[in-house]
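Please look through the sequence and the structure shown here before reading on. The explanation below starts with the whole chain and then turns to selected parts.

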Amino acid sequence: MSDAAQPTAAEVRAAAEAVKTALDRHLAAVERRSGEDDPAVYEAFNQLAAAAETYDELLYDRYDEVTPFEIPGAEDAPPYTGPEEPAALSVLIRRDYAVVEPQRLRAHAQRIEAADDETSEASGTVHGALGLLFGEFEPDEIASRHKEFGLEEGDSTLWVTASDDLAEPGEWLEAPFERVDPQQVVCRFDVSAVFDDDEDLDDEEDLEDELDPILDEDGDLEPLDADR
């Protein structure tokens, strides 16, 4: 990593303070737990893991030093305790985006307004343009065309949770993701840049293997085989 891209000492210190705060919150949640599967404890656990991971990364980038923390992955999720034959399921999806080209986003929103023959000024602001974009396109289409809309993908996750009964109409709309029981999760699929490092290394090694020159017995390069 170049010196210009390194985090500052103040950023590392702030990350350490965030770990301390997350530790206090986790202990407080454990002390107040309402049962074995208290979602507040699970949330505090995830916050602590995220804070520790951030600190670990910044510490390494700045000082080339590591911590003894082991960040749990999806394989460390609590055991499934939901119904064996679920009668209903919920699909929870979160996708993060950075708005990297707001002018491109607004231009698309203006085209949506023009096509709908609307004269509102919503497309003039980023939040208004986002409202028009998500009102016009399905989330999956936005995910597949995000660069076209001036967006950059961040982390994403998809959880499938099981239940015995379908919720009553309108029951959870005010807080759709408020109290998800992690032990009702049938499966989950996470996409994050933190998983890319090992894959990149593997890809580089494979590429090096592919590009290794083929030598004959005398150490000279063999002629290229047109059929290969």
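The model is a predicted one, and its secondary structure comes to six helices and three strands, which run from the N terminus in the order α-α-β-α-α-α-β-β-α. Among contacts between residues at least 6 apart in sequence, 65% join residues that are at least 24 apart.

Helix α4, which spans residues 126-136, has Gly128, Ala129, Leu132 and Leu133 as buried residues. Viewed down the axis of α4, these buried residues fall within an arc of 140°, and so they line one face of the helix. The background to this is that an α-helix has 3.6 residues a turn, so residues three or four places apart point the same way. The buried residues of α4 pack against α3 (102-116), α5 (139-144) and β2 (151-163), whereas the face turned away from the buried side carries the exposed residues His127 and Gly135. At the start of α4, a side-chain oxygen of Thr125 reaches to within 3.0 Å of the backbone nitrogen of Gly128, a residue that is itself among the buried ones of this helix.

Val91 belongs to strand β1, which covers residues 88-99, and Val91 is partly exposed, with a relative accessible area of 45%.

Note on methods
Residues are numbered from 1 along each chain as its sequence is written. This is a predicted model: local features need pLDDT of at least 70, side-chain atom pairs count only at pLDDT 80 or more; totals for chains, interfaces and linings use all residues. Side-chain values use heavy atoms; hydrogens and water are left out. Buried means under 20% relative accessible area, exposed over 50%, partly exposed in between (1.4 Å probe, protein chains only). Helices (H or I, at least four residues) and strands (E, at least two) are DSSP runs, numbered from the N terminus. The arc is that of the directions from the helix axis to the C-beta atoms. Contact means heavy atoms within 4.5 Å. A polar contact is a pair of N or O atoms within 3.5 Å; within protein, one must be able to donate a hydrogen and the other to accept it, and residues adjacent in sequence count only if both atoms are side-chain atoms.
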